[in-house]
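Reader: Could you take me through this one before I start on my own notes? I would like to ask things as they come to mind.

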Amino acid sequence: MKKPIFIAVMAMLCQKIRVTQSFLYLVFFKVLIPFKKLNINEEKLKRRKRNLAKAAYFTLFILNSPPIVFGQTKESKFEALTIGDSIPKTVWDMPLTIEGPKGKQKNFSLGQMKDSRLIILEFWGSQCPPCIRAMDSLNLFSETFKGHVRVLPFLTQSHISSVSSFMKKRGWNLPTVVKDTLFQRQVFNKYLTGWGDVWILDGRLIAVPKHGYITKQTIQNLLKGQAVNFVNTHNVRKINPQQALFRTGNGGAGIWYKTDHSSIGRYMPDQQPQPLSFISKQDSTIVFAWNQSLEQLLYSAYKKKIHSLFSIQNGIEWNIGPELDARLFKQLPQLKKTNRIAEKEAWLRKNWFGYNLRLPSALNAEQATEIMQGDLNKFFGLYLGIQAHIETKSMQKFAVLRLMGSKEETTEKLTKGLTKSKIVQGLNNDTVRHNNLPFGQHFLMRLGQSLKAINHNGFTTETVLIDSTGIDRSLLCYFEFPQNMWGDLSLIRKELARYRMTVSIEHKFVPILVVTETRKKSPAMKTIGLPNR
């Protein structure tokens, strides 16, 4: 490469890395121009110096010129749009790269769709099932409403080795934008948190809604000029549980109920549900949860007092009237009809809650949840007229696995015949061999399956297996069980005896949580600003 050309290229690179003029003067007039003594004649030396001088002036010209921008760059800045804004020319003309099912990439811009009344941008990813379903529908609707609706997918937050192969496999014909860095992060970042769809009607941003609006009915209503009750997403700041919750700047949904150290918060529409969590330090205790149903909050608060074998499904007994039952346990509206999305949000605003306890002292989990129990009973007693308490009243059936001898004797029986290869194999039509498999994951699981639905003393409910042998659940063992052991207690005991174990069926009352509707409306409801029932 000739030196003047080399210097010109360097000049353009200098513009990229923002090299100062003083540095260029140093390079040209202190390093490059004062040549070392070369074995060339005077005429060639003058010509070379003239070329270097031209390159120097050209470099300085480039340096003082505005940057040349090709496509999207990190320095590009666009003001985030708000719903109702007209799409500005800078967004219409923003250069994009699209790739179709045939694998060819080409330049594109949103402005090439400007003649369509309705434009839908789908920000999708291969790991987002709602996005995939939306793309399936949009490929169909782009043909159904051809001439009126244009669809532009944006592949984002995905690592697909071959975009075209993925699209072919799904049967998609729509080309997708690849390598986008600005539309999601800047143009629509007031609403998009990741995947989602953007709706543009007659050149205006009208919605960035939650998943579920991509239906034929929605599109038809918009094209007819009819209103659609969109529920939009919002790109909200991540919640910091170490700080007070439900306040502006940290999940500011508002507070239903407040004491000196605790609060019950409202539903936060743009946050994922957070189960009850506990943080204890030397000088403080923090308990937090948000976007939880009443059932989830109560179960979390009383979980340690409910028998360990009971889950949220069977560990709570509800003694409430039909009206409250319909409200609390009404099936959430499905997302097949767009008007149901707004209905679902309204239901969540009334029936999802959060909890936050902050104390300047160290408590254990049991002490903290006892405070939470009191808060929940106080608030929901006023709000819904209910009270919760633990009561020993549920009859439960247990199958208890015990040793017939020593643990060492049973361990020896379980490891006899053990080989290195892991296998589950049928020896014949009646027996299945299990080799080199964990005691807990396979022996107990297989035994538990066989104990299900045993009829014993009139009880036919599912039997829960309790292991009291003390054998290490990770112990690799060898055992054989007949296939017809299911529900046959005498056969189960016969097989267990070969490993020096037995099982007994027991029934006893165990503690559960009982929630009762008192139907008493407290006059204190007005003093703490409770929501309407």
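Predicted model: local features only at pLDDT ≥ 70, side-chain atom pairs only at ≥ 80, totals over all residues.

Reader: Let's go to α15, then; which of its residues are buried?

Author: Helix α15, which runs over residues 489-497, has Leu-489, Leu-491, Ile-492, Glu-495 and Leu-496 as its buried residues. Seen down the helix axis, these buried residues fall within an arc of 160 degrees, so they line one face of α15.

Reader: Why would residues spaced like that point the same way?

Author: An α-helix has 3.6 residues a turn, so residues three or four places apart point the same way.

Reader: What is exposed on the other side of α15, and what covers the buried residues?

Author: On the other side, Ser-490 and Lys-494 are exposed, while the cover over the buried residues of α15 includes the strands β14 (386-403), β18 (476-482) and β19 (501-517) together with helix α14 (439-451).

Reader: Switching to helix pairs, how do the axes of α9 and α12 cross?

Author: The axes of α9 (residues 294-302) and α12 (residues 365-383) come within 8 Å and cross at roughly 145 degrees, and the crossing is left-handed.

Reader: Which residues meet there?

Author: From α9 the contact has Leu-294, Leu-297, Leu-298, Ala-301 and Tyr-302, and from α12 it has Thr-369, Met-372, Gln-373, Leu-376, Asn-377 and Phe-380. The residues of this contact between α9 and α12 divide into eight nonpolar, three polar and no charged.

Reader: Charged ones next: how many salt bridges does a search of the whole structure find?

Author: It finds eight salt bridges, and as a general point, side chains of opposite charge can pair when their charged atoms come close.

Reader: Which residue forms a salt bridge with Lys-89?

Author: Lys-89 pairs with Asp-93, and the closest N and O atoms are 2.5 Å apart. Lys-89 is exposed, with a relative accessible area of 63%, whereas Asp-93 is partly exposed at 41%.

Reader: What about Asp-202 and Arg-117, where in the chain do they sit?

Author: Asp-202 forms a salt bridge with Arg-117, with the closest N and O atoms 3.0 Å apart. The pair links distant parts of the chain, 85 residues apart, since Asp-202 is in the loop between β6 (196-201) and β7 (204-207) and Arg-117 is in the loop between β2 (105-108) and β3 (118-124). Arg-117 is partly exposed, with a relative accessible area of 32%.

Reader: And Glu-345 with Lys-210, are they buried or exposed?

Author: Glu-345 is buried, and so is Lys-210; their side chains meet in a salt bridge of 3.0 Å, N to O. This pair also links distant parts of the chain, 135 residues apart, with Glu-345 in helix α11 (residues 339-351) and Lys-210 in the loop between β7 and α8 (216-223).

Reader: Last one: where is Ser-164, and what does it touch?

Author: Ser-164 is in helix α6, residues 163-170, and it is buried, with a relative accessible area of 12%. Leaving out residues up to four places away in sequence, Ser-164 touches Glu-99, Gly-100, Pro-101, Lys-102 and Gly-103.

Methods
Residues numbered from 1 in each chain as written. Heavy atoms only, no water. Buried < 20%, exposed > 50% of the residue type's maximum accessible area, 1.4 Å probe, protein only. Helix = DSSP H or I, 4+ residues; strand = E, 2+ residues; numbered from the N terminus. Arc of directions from axis to C-beta. Contact = heavy atoms within 4.5 Å. Salt bridge = Lys/Arg side-chain N within 4 Å of Asp/Glu carboxyl O. Axes fitted to C-alpha atoms, helices over the stretch in contact; angles between N-to-C directions. Left-handed = near helix turned anticlockwise from the far one by under 90°. Nonpolar A, V, L, I, M, F, W, Y, C, P; charged D, E, K, R; others polar.
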